[in-house]
Amino acid sequence: MIVFEKPKALTDAPLHYCPGCTHGIIHRLVAEAMDSLDITGQTIGVASVGCSVFTYNYFNCDMVQAAHGRAPAVATGLKRADPSKIIFTYQGDGDLASIGTAETVHSAARGENITIIFVNNAIYGMTGGQMAPTSLPGQVTQTSPYGRDVNTVGYPVRICEMLSTLDGPAYIERVAVNNVKNVRQAKKAIEKAFRYQTEGKGFSLIEVISTCPTNWGKTPQAALEWAEQNMIPYYPLGVYKDKYSEEAAK
Amino acid sequence: MAEKILMKGNEALAEAAIMAGCRHYFGYPITPQTEVAAYMAKRMPKIGGTFLQAESEIAAINMVIGAAAAGKRAMTSSSSPGISLKSEGISYMAGCDLPGLIVNVQRGGPGLGGIQPSQSDYFQATRGGGHGDYHLLVLAPSSVQEMADLVFKGFDLSEKYRIPCMLLADGTMGQMMEPVSLPERSAETVEKPWALTGTEGKRKPNIINSLALAPHELEAWNQVRFERYAQIKENEQMSESYWMEDAEICVVAFGIAARVSQNAIDTAREMGIKAGMIRPITLWPFPEKALRAASAQCKAFVSVELNMGQMIEDVRLSIKCRRPVSLCCRTGGMIPTPDEVVAAIVKANEGGKQA
Amino acid sequence: MSTTQVLIAGFGGQGILFAGKFLAYAGLLQGRNVSWLPSYGPEMRGGTANCSVILSDTQVGSPIVSRPDILIAMNLPSLEKYENEVPAGGCIFVDSSLVKRAVNRDDVKVYPIPATAISTEKGYDTLANMILMGHVIANTHVIPDEMIRPAMQKVVSARHADLLEKNIEALELGVNYQA
């Protein structure tokens, strides 16, 4: 009896992520959603710039690699070109919440029928640990060596809260992958986001609170704890918008 | 031959794009090309196409990338400042070998510049414009009819060679009306096995990507691309000659500058000066062959441009500086008058000093 | 005359571009080469507007009219800007309702017509442009009379078919005007 196997929507390429990084878990959850909805053959993924730049090697579907921050625009073009395809982007916090804020906000406002997987680990990982738009107040990074000073660089951006003020999005939820319970909830949310797209319900964004042991300077275990104790209080988990459950409830 | 109707250049190019099978237009308003977007906004919904006003020029070009990656004919249009914003995306298109049409109805610059006609994006267009080693196919219409014809040509060549194509027009070409005929024709279709159409579980994933961290790999990609560029240079140079049979003075001008120069050449001929013109239609590849042939016959060249002198470099390179090349130019949205061009021709004929 | 260069100039909103388009279409229907080039941009909104039209039996070179054979000045700033650009022997038409001074040229033919006043008086508000155009046609024969109706049919959209006759009537007022 098979009790555990790699999702079919992942290729055999070994992941390049650092030990303890939660990108691997999130990749798996995305792939499991594709498997369970049986959509891999119709899915086109959009890789972004950051640690997840190589996702095009990992997902077993057609992929395009977008310029920094532009994945939602590329996804828009793909979806408009062929609405029967399932389009998702996989973006980090620098890509989505800093350089690509306009593309994020406007694809959401248009209610573009795409799914965005937003991995928030509060730091620029690929370039070696610079301050991100989601870095916490006081967080030490390479470019905030004395801790993020909100008086000079301002406050972190809460994407789910911000986007949920728009009428466009169908479904916005923030999840985490720091423990088994949260991973299970993340899996449900990601699958639901893809399902909404297959049902033509419109824009969905799942923010996943993630870790960066390497650039946080922590062991994998300590990083999970740091996420629990520091990130989740600042970025509360939960459903921020679900147009269809709201409508169903009315 | 379809009936000739009066159309604005911007509208003629938009209708031609639709006739060429383009069903995906992404743009952002900017003078003097807004008619293109307005036309597409009217027409696309009626023919099952996409018109989308993007949040920015940057988003618009990336939407083009998405639609082109899906294998569709896609386009965007803008004017100079907007093209600068698109340049990042254009570089990615080149790096991903994606076809597509980018229209630049140029206005004066730099910066916000003005809104009157200009050719000051010549360098940007012909040298690539964004970062990295690449070229665009650059087509320069000089009539409303050509605004339409070169759209067909641009899409076809863009797909044939997997190179983004830029239609480099100017405010005059966009805004003027001339008779134009838009004959029914079918688009040349090419197979796109690279397109992102979903694996359907039947093939390996297609990946469209411009990232190669291993330098030898990136070099190899670039070399392959430049082999295609070499083919384009060999096969696709286009220009038109005017009064060149016995010309001693060769004017080189494109777009509106060529229209003005045509008047000037007529006047020069009346004055007894053997002037002629080579009008580049492809700015990249530059019509080097025609220029080189002319250098055997002509004693001097005059480059007429709506900028401070950009194409003149290509003229000199093409003729390997064998003949003096002088510049007749206006900039900032000003257009040289025929009299100014005549004066430049007269001076070149008298062996005036090289500019 | 193998080439006629026409410049129509005035305020935005006076129907300058429309009048130019009518003229260009008349040329096109005659089988001539034509071009129509507007000034464009924000200055069109309430400011000055002008339109270059060229009708030619040979290929049209520059579409920019800088030395108009026929200048139609629909306001004073336009006359002041262009009156010295008309070559000797050319024609200047002015809307004398709005241009209160004489044309300072004695080497060109000058045709003043109170087009705006006529348009108001005869119930053709906003069609001073066509009254002027009629006067131009009558005095220069820049296009043959038989092209008037077909050209007007091309430029008055089907949506506003009721305006077709109005425009033609206004144009005829200009044709028949006696100074």
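Two residues are taken to be in contact if their C-beta atoms, placed from the backbone, lie within 7 Å. On this criterion, in the predicted model, the contact between chain A and chain B takes 28 residues from chain A and 34 residues from chain B. On the chain A side, two or more residues each are given by two strands, S1 (43–47) and S2 (62–65), and by two helices, H3 (71–81) and H5 (101–109). Helix H3(A) supplies the largest share of this side, eight residues. Divided by class, the side of chain A that touches chain B has 14 nonpolar residues, eight polar residues and six charged residues.

Strand pairing also links chain A to chain B. Strand S2(A) pairs with strand S9 of chain B, residues 207–208, in the parallel sense and over two bridges. Within this pairing, B:Ile207 of S9(B) is the bridge partner of A:Met63. Strand S2(A) is also among the elements that give two or more residues to the side of chain A that touches chain B.

Chain C likewise touches chain B. Here 16 residues of chain C are in contact with 18 residues of chain B. The elements of chain C that give two or more residues to this side are helix H1 (16–29) and strand S2 (33–38). The largest share, five residues, comes from S2(C). The chain C side of this contact consists of 10 nonpolar residues, five polar residues and one charged residue.

Within chain B, two domains are assigned. Domain 1 covers residues 5–192 together with 224–235, and domain 2 covers residues 240–349. Taken over C-alpha atoms, the centres of domain 1 and domain 2 of chain B are separated by 26 Å. The two domains touch through 27 residues of domain 1 of chain B and 22 residues of domain 2 of chain B. On the domain 1 side, the elements giving two or more residues are helix H5 (122–126), strand S6 (137–139), strand S7 (164–170), helix H7 (171–175) and helix H8 (215–235) of chain B. Of these, H5(B) gives the most, with four residues. The residues of domain 1 of chain B that form this side divide into 14 nonpolar, 10 polar and three charged.

Definitions and conventions
Residues are numbered from 1 along each chain as its sequence is written. Chains are lettered from A and ligands numbered from 1 in the order in which they are written. This is a predicted model: local features need pLDDT of at least 70, side-chain atom pairs count only at pLDDT 80 or more; totals for chains, interfaces and linings use all residues. Ala, Val, Leu, Ile, Met, Phe, Trp, Tyr, Cys and Pro count as nonpolar, Asp, Glu, Lys and Arg as charged, and the others, Gly among them, as polar. Two strands pair if DSSP finds at least two bridges between them. Domain bounds come from an automatic or database domain assignment.
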